[in-house]
Amino acid sequence: MVRRRIDPVLLAEQRLAESLQSLDFATVLNAAAERPRTVARGGSCRWCAGRFGPVLDTTELVRGRSFLTAHAVVDGTLVLKQASSTDHRDDLDSVPPMDAIALFEGMARAEAFLAACGDSRWPETAPGRRGHVAIAKRRRPGGHGTQTIALYAREPRWLLRERAFVARHGVGTASALETRNPVELLVGEFRGGLAAAVPAATTRAFEIVVWFRPGAIGALADLSGNQRWGLAQAVREITGALRLELAVRGLREEYGWRLVAGPGIEPHLRIATPRTTTVYDGPAEWVEKLRSHIGVE
Ligand SMILES: [Zn+2]
């Protein structure tokens, strides 16, 4: 039988500390490295069954609780996971608006914690900052909703691509979308000066980029509370609309997003469906459909 909610007892049992502030980096790194790798068993959700890493932080939500875990160390990369909710049915695309904001605030705290690691295995990337923090999500049908926050020692591909884009165009992806993308591909505008559009040169079905206008620079934790509020609202509404549109089309409700951000980078968030998602219409039709769903619960 599939359990649909994480038992508070399971959460309490695996709690490493009261909050992230009371933890040091070495403790978190060890907890992630020593976490036993669980074998996937068919049927039940491994999160709801309590098979998650040591709990580093919890956040009370309007519905349920979000929590952060020390997930793994893979090839020298420290991986943390943020569970969107203890309730299996909830995810960032369906939680109440205030909960979406709380989730992004939690990601910003995790990002700041990782970047301030002070561990020489991660090279200095800015004053007081080490390594490259990657924040991303992959949503799969039936899976428990989580976000990944990881600390890389080497520049990840998405960061190299953005640097190459700047070298080629003289500006970041966000500025290029602001000034050069066809205005009819705008999906919407959000609180905190955010905009979202389908890039004209899209390579994936339902690719959407959310950016800040006027241009912001830096990591998630460097943004203002109002900008993170806008980002949470934009991601919640757009991915909610995307999920609905995929369902309407009889496609798998599957998508991912990545925050492209860091020192010197114009932050933006890229949403896309997997390469295997095939559609027979184009950006103009996607924009029309998404716009019609935004605001619809
Ligand atoms: Zn679950």
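User: How far apart do the C-alpha centres of domain 1 and domain 2 lie?

Analyst: Domain bounds come from an automatic or database domain assignment. Here that assignment gives domain 1 (1–154) and domain 2 (156–297), and their C-alpha centres lie 23 Å apart. This is a predicted model: local features need pLDDT of at least 70, side-chain atom pairs count only at pLDDT 80 or more, and totals for chains, interfaces and linings use all residues. Residues are numbered from 1 along each chain as its sequence is written.

User: How many residues does the contact take from domain 1 and from domain 2?

Analyst: Two residues are in contact if their C-beta atoms, placed from the backbone, lie within 7 Å. The contact takes 28 residues from domain 1 and 25 residues from domain 2.

User: Which elements give two or more residues to the side of domain 1 that touches domain 2?

Analyst: Helices (H or I, at least four residues) and strands (E, at least two) are DSSP runs, numbered from the N terminus. The elements in question are helix 3 (97–115), strand 4 (124–126) and strand 6 (132–139). Helix 3 supplies the largest share, 11 residues. By class, this side of domain 1 has 17 nonpolar, three polar and eight charged residues; Ala, Val, Leu, Ile, Met, Phe, Trp, Tyr, Cys and Pro count as nonpolar, Asp, Glu, Lys and Arg as charged, and the others, Gly among them, as polar.

User: Which way do the residues of strand 9 point?

Analyst: In a regular strand the side chains alternate between the two faces of the sheet. In strand 9 (residues 194–197), Leu194 and Ala196 point one way and Ala195 and Ala197 the other way. All are buried, that is, 20 or more other C-beta atoms lie within 10 Å of their own, with C-beta atoms placed from the backbone (12 or fewer would be exposed, and in between partly exposed).

User: What percentage of the 297 residues in the chain is buried?

Analyst: Buried residues make up 42% of them. The chain as a whole has seven helices and 12 strands.
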